[in-house]
Amino acid sequence: MSDTDVAASPSGGMDHHVSVDPAIVTEPRPAADGGPDMVQLLTPEGERVHHTEYDAIIDALSHDELRAFYRDLVLIRRVDQEATALQRQGELGLWASLLGQEAAQIGCGRAMRTQDHAFPGYREHGIAWTRGLDPMRLIAMYRGVDKGAWDPAEFGFHGYTIVIGNQSLIGTGYAMGIQRDGAVGTGDDQRDAAVIACMGDGATAQGDNNEAFVFAGVYNSPVVFFCQNNQWAISEPNARQTRAPIYKRADGFGFPGIRVDGNDVLASYAVTKTMLDRARSGDGPSLVEAYTYRMAAHTTSDDPTKYRVSAEVEIWKLRDPIARYKRWLMSEGIADHDYFEAIDREADELGEHVRTATVSMPDPDVGDIFDQVYVEPHQQVADDKATFTAYLESFEGQEVQA
Ligand SMILES: Cc1ncc(C[n+]2csc(CCOP(=O)(O)OP(=O)(O)O)c2C)c(N)n1
Ligand SMILES: [Mg+2]
C-alpha cells in the first residue's frame, strides 16, 4: 500500500489483520481531509478561512478569549500526557487519551453556557476542563480511588459513562425535561438552556443513538449531538460504522447536521455555539460531526499498531490542533513569545501537580463500595461486605506481592 492510498482512506486500508468482505471496504469513503462540506476556519497551516456564517462569531471574541482557548488546549493536553504516563507507571488503572481531539472539545465546551448540561463518555477531559471540573477528579476515577461521583448540577457536566450511545438517549431525555421546565425559548439568556450529548463515530452504529435522534427530532428537543468522529471505534474504522458521512444522518431525522473541522478550535466553537443558540431559542436539535482523529491508542489497554498504519497517524500529525492555532495567534499578533512561554511554564507546573497529587491520593476504604449501594441498610450487601472483609483480613501479616 502506498502513502497515497493511506491519505485517501481514513481507515488507512488496514485490512490485513481482519478478514472483511471486500465489498464493504472498497465502498467510497469520506475524504480523509473532511471534504468540501466541512466547516473550517483555520487551515492546518494556521491560515484563516473566511465564512459568511461564522466570521462574526469569531470577530466577537476578544484577544483575551482567543488566548484563553490556547491555554485550554495546551493545559488539557498536558493533563492527558501526564495521565497516560502515570498509567504506564502503574499509578492509574486505565486512561482514555484525548490526544488530537483537544480543539473539538475545547471549542464545544467553551460554546456552552453555565446553565447548559453536557453528557460525556470517557474521553471528554477537555469538555470537563471547560466546565470547571478539576482534572484530578477524572484521574482519581481512573486510579480507582473515586467513583467519579461529582455533582452534575454543580458543573453542568454529568458522569463519565463507558456505555456507548447512552449519552444520546439520556441527554435527549434531559433536554426534554428542560423543555418541560419552560427553560427554552424564553429569550432570557440566563435561563434558556441546552444539552450537549457526546458521542463517537462508533456510537452512530448503536440503536440507542438512533432512538435518541427520533425522540429529539419529534419533540424538537434542545439537544446538540456532538459527535467526535475520530475515525476509529477501537479497531473498527469509519468504513465499518457507516456508509454515509455521519453529519448527513441528521437529514433522515428532520434536523440539521453539520461537519466541522474538529482540529480547528475556532470552527468547533463557532459551529457548536450556533447550534446551542438554536437549541436554547427553541429551534430544536442538531448533529455536529467534529471531524478529528484519535492520535493515541483507544485506551491504555489498546495497541493501535495492530490495526492501523503509522503513515495515517503521520498525516494527522500535520493537522495538529494546537500547532495551527499557535501559528495563527502569532501571525495575527494576538499572542507573543512571552505569552507562549508563560503557558508552557503553567503547563509544567500543572504536570508536576498532576503527578504529585496522583501518587498522594489516599486509598479508599474498601467497605465504601458496599456502603454506597443502597440508602437503607440491606442484608445481602451487609453479608457480602462481611465476607469480603474477612477475606481481606485473611491476608494480614502475609507479604503481598505487588
Ligand atoms: C454498548 C456498548 N457496546 C460496546 C462497548 C465496547 N466499546 C467501548 S469503547 C468502544 C468504541 C467506541 O467508539 P466511538 O464511539 O467511536 O468512541 P471513541 O472511543 O472513538 O471515542 C466500544 C465498542 C461499550 N462500551 N458499550
Ligand atoms: Mg471513535
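Strand 3 (residues 223-229) and strand 7 pair in the parallel sense over six bridges, where pairing requires that DSSP find at least two bridges between two strands. Phe 225 has Leu 287 as its bridge partner in strand 7. Strand 6 (residues 257-261) also runs parallel to strand 7, to which five bridges join it; here Ile 258 is partnered with Val 288. Strands (E, at least two residues) and helices (H or I, at least four) are DSSP runs numbered from the N terminus.

The structure is a predicted model, in which local features need pLDDT of at least 70 and side-chain atom pairs count only at pLDDT 80 or more, while totals for chains, interfaces and linings use all residues. Residues are numbered from 1 along each chain as its sequence is written, and chains are lettered from A and ligands numbered from 1 in the order in which they are written.

Strand 7 (residues 286-291) is mostly covered, with six of its six residues buried. A residue is classed as buried if 20 or more other C-beta atoms, placed from the backbone, lie within 10 Å of its own, as exposed if 12 or fewer do, and as partly exposed in between. Ser 286, Val 288 and Ala 290 point one way from the strand, Leu 287, Glu 289 and Tyr 291 the other way, and all are buried.

In the chain as a whole, 16 helices and seven strands are found. Buried residues account for 42% of the 402 residues. Along the principal axes, the C-alpha atoms fill a box of roughly 70 × 55 × 55 Å.

Asp 72 lies in helix 4 (residues 63-88). This residue is buried because 21 other C-beta atoms lie within 10 Å. Beyond its neighbours within four places in sequence, Asp 72 is in contact with Ile 106, Trp 129 and Thr 130, contact meaning that the C-beta atoms, placed from the backbone, lie within 7 Å.

Conventions:
Two residues are in contact if their C-beta atoms, placed from the backbone, lie within 7 Å.
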